[in-house]
Amino acid sequence: MADRSVTEPMAQHPAQQPARAGIGAFLIKATGVVLILVLAVLIGLWGVQRYVDERLTPDPTTIASASLQGLREQNRLSAFAARYVAVVTSRQSQLGFSTEKTLIMPGSVRYEVDLGKLTERDVAWDAGTRTLAVRLPAVEVDGPQVDLAAIREYGTGGVLTTFTDAEARLDAVNRARGQAELLRQAREPTALRLARDATRRAVERSFGLPLRAAGVDAKIVVRFADDPVANGEQWDVSRSIGEVLGNRR
């Protein structure tokens with residue numbers, strides 16, 4: 001009869017259990033240390049990225065604020081000038097005699113904007129549409145500057161000009177009417193539209209060139225304080241650069 005014997009498993013040495021437990025604890029601690037290092041690296045990368053975004057990436061509001069300061073230092077902007085000619089005739093009658101004189105008066109005017117009135121509230125940046133909105137004071141007419149050397153006068157002469165001061169009075173009236181006529185021509189809608197367009201383009205360049213040089217793709221919209229506003233239209237819904245920069249201080 002065969003000898004059936006059962007071999008009992010060998011009992012694990014008591015010293016091996018603490019060794020394995022120690023290795024497991026070491027691995028857990030090592031894994032924790034690795035995770036902490038990875039987290040620290042990620043936080044560091046996030047901090048670097050934030051620094052780049054805040055310090056090195058061009059900030060449209062900061063650039064626009066610098067452009068605004070540069071414009072204000074110019075005090076007045078004259079982007080358009082025009083030359084006009086006034087032709088006026090005056091007549092004087094006295095003691096049954098009459099005389100008249102015609103004056104041809106050339107003169108020029110400048111169309112200016114008082115940049116000293118600009119404030120940070122007049123410049124607003126809309127990050128959603130990447131639009132910089134600028135509101136300018138109304139265009140003002142400066143002049144006229146009369147070209148005295150080019151003035152021409154024509155008159156009928158007569159008794160009144162010989163024996164009275166009618167000619168001097170006619171000259172004074174004609175000069176006053178001539179200057180008024182030059183201003184009337186300068187304020188015609190067509191002339192003011194040309195002046196506004198030229199001023200708008202000049203201001204768009206003043207704000208747009210620095211932005212493009214910094215790599216910022218932005219649309220510049222320039223309006224005037226006295227522009228007509230359609231029903232329900234608002235000036236802007238974005239914050240002015242003054243508000244944006246004020247919150248950063």
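Is Gln185 buried or exposed? Gln185 is buried, because its relative accessible area is 16% and buried means under 20% (exposed is over 50%, partly exposed in between, with a 1.4 Å probe and protein chains only).

## About the model

This is a predicted model, in which local features need pLDDT of at least 70 and side-chain atom pairs count only at pLDDT 80 or more, while totals for chains, interfaces and linings use all residues. Residues are numbered from 1 along each chain as its sequence is written, and side-chain values use heavy atoms, leaving out hydrogens and water.

The average pLDDT (the predictor's confidence in each residue, from 0 to 100) is 80 for the chain, and 66% of the residues score at least 70. Residues 231-237 have a pLDDT below 50, and this stretch has 8 contacts in the model beyond near neighbours in sequence.

## Around Gln185

Gln185 belongs to helix 4, residues 166-186. Helices here are DSSP runs (H or I, at least four residues), numbered from the N terminus. Leaving aside residues up to four places away in sequence, Gln185 touches Tyr84, Val85, Ala86 and Ala191; contact means heavy atoms within 4.5 Å.

## Helix 2 against helix 5

Helix 2 (residues 60-74) packs on helix 5 (residues 189-213) at an angle of about 140 degrees, with the axes 9 Å apart. Axes are lines fitted to C-alpha atoms over the stretch in contact, and angles run from 0 to 180 degrees between N-to-C directions.

On the helix 2 side, the contact is made by Pro60, Ile63, Ala64, Ser67, Leu68 and Leu71, and on the helix 5 side by Val203, Ser206, Phe207, Pro210 and Leu211.

Conventions
Helix = DSSP H or I, 4+ residues; strand = E, 2+ residues; numbered from the N terminus.
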